[in-house]
Amino acid sequence: MAIGHIKQVIGPTVDIEFPSDALPNILNAVTIEDKERGIKVTAEVAQHVGNNVVRCVAMQSTDGLVRGMKAVDTGAPISVPVGEQCLGHIFNLLGET
């Protein structure tokens, strides 16, 4: 799990800088969390921009995100539960009920 920092936020697009030896793969989930402000955003890596920066698309509102906030690469893509147990239930795109 690599830790990066937000470089810029433009609408649902978030640019995050990671260490050069720990760039997340495209389609990996990145979480941005600030418990004090009640912010928990999951973003998906869409592009490697260059200079150790990845461009992500946020799956929730980016209200409250600021430059310098910590972002954590989960090391895996966004996943949702599947199977018989899920029939009849409603989930959001992150797999949360």
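Mentor: What follows goes from the strand order to the core and then to the salt bridges. The model is predicted.

Six strands form a closed barrel in the order β1-β2-β5-β4-β3-β6, and their pairing is antiparallel. Ignoring direction, neighbouring strands of this sheet are turned by 45° against each other on average. One of the pairings is that of β3 with β6 (residues 70-77), which is antiparallel and has four bridges. Isoleucine 32 stands opposite alanine 71 in β6.

Ile32 also belongs to the largest nonpolar core, which has 17 residues. The members that touch the most others are Ile6, Ile16, Val30, Ile32, Cys56 and Leu65. At least two core residues come from each of β2 (13-17), β3 (28-34), β4 (39-50) and β5 (53-58). β4 gives the largest share, four residues. In soluble globular proteins, nonpolar side chains tend to be buried together.

Cysteine 56 shows what surrounds one of these core members. Leaving out residues up to four places away in sequence, cysteine 56 touches Pro12, Thr13, Val14, Ile16, Val30, Ala43, Glu44, Val45 and Ala46. Of these contacts, Ile16 and Val30 are again among the core residues that touch the most other members.

Turning to the charged side chains, the whole structure holds three salt bridges. In one of them, arginine 55 meets aspartate 15 at 2.8 Å, N to O. This pair links distant parts of the chain, with arginine 55 in strand β5 and aspartate 15 in strand β2, 40 residues apart. Aspartate 15 is buried because its relative accessible area, 6%, lies under the 20% limit. Arginine 55, at 28%, is partly exposed.

Another salt bridge joins glutamate 17 to lysine 7, with the closest N and O atoms 3.3 Å apart. Here too distant parts of the chain are linked: glutamate 17 is in strand β2 and lysine 7 in strand β1 (residues 3-10), ten residues apart. Both partners count as partly exposed, glutamate 17 at 30% relative accessibility and lysine 7 at 42%.

The remaining salt bridge is between aspartate 34 and arginine 37, whose closest N and O atoms are 2.9 Å apart. Aspartate 34 has a relative accessible area of 15% and is therefore buried, whereas arginine 37 is partly exposed at 48%.

Key: Residues are numbered from 1 along each chain as its sequence is written. This is a predicted model: local features need pLDDT of at least 70, side-chain atom pairs count only at pLDDT 80 or more; totals for chains, interfaces and linings use all residues. Side-chain values use heavy atoms; hydrogens and water are left out. A nonpolar core is a set of buried Ala, Val, Leu, Ile, Met, Phe, Trp, Tyr and Cys residues joined through side-chain atoms within 4.5 Å. Buried means under 20% relative accessible area, exposed over 50%, partly exposed in between (1.4 Å probe, protein chains only). Contact means heavy atoms within 4.5 Å. Two strands pair if DSSP finds at least two bridges between them. Axes are lines fitted to C-alpha atoms, for helices over the stretch in contact, and angles run from 0 to 180 degrees between N-to-C directions. A salt bridge is a side-chain nitrogen of Lys or Arg within 4 Å of a carboxyl oxygen of Asp or Glu.
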